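Here is a note to read with the model open beside you. Take the points one at a time and look up each residue as you meet it.

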Amino acid sequence: VTQTIANHFNSHRVIDLAGKTTLLEFAATLKQCAFIICNDTGGMHLANAIGVPLIALFGPTNPLRTGPIFDAPHHIIQ
């Protein structure tokens, strides 16, 4: 699924790392980002915890219950 999504974007701007990194490698990669756009996943929480600005997309989950909890800049779209 992730590769299908990534294929619709410029390969210089979107990198599919699904299943290709350890947690520490993923955190180091996120830290290099100016910002991320993601859904309600562990990656969102990790980016928020290390201070990466983010836009989080929420569907059936409630952002008040499962949204970012740290002070890093973020915006929630529900």
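This is a predicted model: local features need pLDDT of at least 70, side-chain atom pairs count only at pLDDT 80 or more; totals for chains, interfaces and linings use all residues.

1. Strand 1 (36-39) and strand 2 (residues 54-57) run parallel to each other and are paired over four bridges. Strands count as paired when DSSP finds at least two bridges between them. Within this pairing, Cys38 has Ala56 as its bridge partner, and Asn39 stands opposite Leu57.

2. Residues are numbered from 1 along each chain as its sequence is written, and side-chain values use heavy atoms, with hydrogens and water left out.

3. Now follow the chain between the strands. Strand 1, helix 3 and strand 2 form a right-handed β-α-β unit. Right-handed means that, with the strands pointing away from the viewer, the path from the first strand over the helix to the second runs clockwise. In helix 3 (42-49), the buried residues include Gly43, Leu46 and Ala47. Just after helix 3, Gly51 has a positive phi of about 90 degrees.

4. Asp40 sits in the loop between strand 1 and helix 3 and is partly exposed, at 21% relative accessibility. The C-alpha atoms of Asp40 and Pro63 are 8.3 Å apart, although 23 residues separate the two in sequence. Pro53 belongs to the loop between helix 3 and strand 2 and is partly exposed at 28%. From Pro53 to His74, 21 residues along the chain, the C-alpha separation is 5.5 Å.

5. Why does the structure hold zero disulfides? A disulfide is a pair of cysteine sulfur atoms within 2.5 Å. The sulfur of Cys33 has its closest cysteine sulfur in Cys38, 10 Å away, which is too far for a bond. Cys33 is partly exposed at 31% relative accessibility, whereas Cys38 is buried at 14%.

6. Last, the largest pocket, which holds about 1,200 Å³ of space. On a 1 Å grid over the protein atoms alone, a pocket is an open set of points where a 1.4 Å probe fits, with protein on both sides within 12 Å along at least five of seven lines; lining residues have an atom within 4 Å of a point. The lining has 26 residues, and those nearest the centre are Val14, Ile15, Ile36, Ile37 and Cys38. Strand 1 gives the largest share, four residues. By type, the lining divides into 18 nonpolar, six polar and two charged residues. Here Ala, Val, Leu, Ile, Met, Phe, Trp, Tyr, Cys and Pro count as nonpolar, Asp, Glu, Lys and Arg as charged, and the others, Gly among them, as polar.

Methods. Grid points are joined across faces, edges and corners, and a volume is the space filled by probe spheres set on the points. Helices (H or I, at least four residues) and strands (E, at least two) are DSSP runs, numbered from the N terminus. Buried means under 20% relative accessible area, exposed over 50%, partly exposed in between (1.4 Å probe, protein chains only).
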